[in-house]
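Hi,

Here's the model I promised to pass along.

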Amino acid sequence: MRTQALGGRPRQPRGGVPFMLLLAVLVSPAALAQGASRGARLFAQRCGTCHSVGEGDRVGPDLHGVLERRDEAWLTRFLESPGALIDAGDPVATALLKQFNGIRMPDQPLSEEERAGLYTFFRECTAKGKGSCKPSPTQKPGTDATPEEVALGRRLFEGTEALAQGGPSCLGCHDVRGTGVAGGGTLGPNLTFTFARHGDRGLTPLLAKLDTPLMRELYAKAPLTEEEQYALKAYLADASRDGSRPRKDRDFFFLGVVGLLAALGFIGLVWGPRGTDPRAH
Ligand code: HEC
Ligand code: HEC
């Protein structure tokens, strides 16, 4: 995929390292939050086209309460290879096949860890009750968006369409190549390649929380809805895919530093009183 080729940050001139370290510290809570919902995400990506949990049968059976109606050992054998179980004449698998019009669930490799994540997810759904495990629209890959979703993301980003909870538009602090009439703000980093840098998995939890020092203040009480999170992800995926390298690596880097320093200044973290700033003159 073309965006992956841009996965690395542009080469930083000297002095870039502290900036990157700071950024790594700022985004790491998002990485932690990812672990908790691994089973849900895996389900959305690999099972959700054919199964729901608590919303009725689709191509395959509703999996609400599946660990109550089947024992775990059977389920593990089934998931290791539904085809093999059917071919071996297992009565439950054979009955399911008949009930679901002879459609065979495809064999797909799952690691032990992935299976464990799915079981945790199934148990949590049962404990929380039917209907509690609707897959979040944010789990859909940003690159699968329709043009309408991308366009909505752009309007939300630019503020031509208001955010449902009343949060400020992103344009005030962020630029994306080609956005707005005169470009966006520079208090925050340029987001043109943020999707390529973080990947879908990294960006999804970031947009769910906007949990960095400056944005937290603004969006904690006015969070983005899941549809908005998805539309913004779709817009950023689109921006990141389409086109060449950022204008010039150095400008790109420079914008980031200016944005970060501005943000740090804004929240009063810059080296205490002005006089002690070694770079003040
Ligand atoms: C292409 C559609 C498809 C996908 C994708 C799929 N399944 Fe299935 N699944 C089915 C069908 C159809 C059946 C029932 C017929 C059969 O056994 O083949 C089934 C049956 C099952 C059953 C047995 C349910 C019961 O009541 O005992 C489980 C458990 C299951 N699937 C889990 C999963 C999990 C977990 C994933 C993702 C890793 C997954 N399936 C992905 C189509 C699918
Ligand atoms: C008041 C200014 C401000 C607004 C408004 C704002 N941001 Fe930010 N954003 C920042 C700053 C500053 C950072 C850098 C991290 C920090 O210090 O908080 C950032 C970082 C980010 C990052 C991480 C970038 C990266 O590559 O690591 C994303 C993604 C992001 N913002 C998305 C958004 C979206 C989407 C909106 C609109 C819903 C938005 N921001 C609104 C200031 C803002």
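A word on accessibility before the sites: buried means under 20% relative accessible area, exposed means over 50%, and partly exposed is in between, using a 1.4 Å probe and protein chains only. Also, this is a predicted model, where local features need pLDDT of at least 70 and side-chain atom pairs count only at pLDDT 80 or more, while totals for chains, interfaces and linings use all residues. Residues are numbered from 1 along each chain as its sequence is written, chains are lettered from A and ligands numbered from 1 in the order in which they are written, and side-chain values use heavy atoms, with hydrogens and water left out.

**Ligand 1**

His-51 (NE2) and Met-105 (SD) are the protein donors of the iron atom here, at 1.9 to 2.1 Å. Donors are N, O and S atoms within 2.8 Å of the metal (3.2 Å for Na, K and Ca); water is not among the atoms, so sites may look incomplete. His-51 sits in the loop between α3 (38–46) and α4 (66–69) and Met-105 in the loop between α7 (91–99) and α8 (112–128), so the pair joins parts 54 residues apart in sequence. Helices here are DSSP runs (H or I, at least four residues), numbered from the N terminus. The six donor atoms give angles of 87 to 178°, and the site is octahedral, i.e. opposite donors are over 155 degrees apart and all others between 65 and 115.

His-51 is buried at 11% relative accessible area, whereas Met-105, at 24%, counts as partly exposed. A backbone N or O atom of Met-105 also lies 2.8 Å from an oxygen atom of ligand 1, and one of Ile-103 lies 3.3 Å from an oxygen atom of the ligand.

There are 23 residues around ligand 1, and Cys-47, Cys-50, His-51, Arg-70 and Met-105 come nearest; a residue counts if one of its heavy atoms lies within 4 Å. Helix α5 gives the largest share of that shell, four residues.

**Ligand 2**

The iron atom of ligand 2 has His-174 (NE2) and Met-215 (SD) as its protein donors, 1.9 to 2.1 Å away. His-174 is in the loop between α9 (147–158) and α10 (194–209), and Met-215 is in helix α11 (residues 213–219), 41 residues apart. His-174 is buried, at 10% relative accessibility.

Phe-157, in helix α9, is buried at 1%.

Cheers

Note on methods
Helices (H or I, at least four residues) and strands (E, at least two) are DSSP runs, numbered from the N terminus. Four donors count as tetrahedral if all angles lie between 85 and 135 degrees; four count as square planar and six as octahedral if opposite donors are over 155 degrees apart and all others between 65 and 115; anything else is irregular. A polar contact is a pair of N or O atoms within 3.5 Å; within protein, one must be able to donate a hydrogen and the other to accept it, and residues adjacent in sequence count only if both atoms are side-chain atoms.
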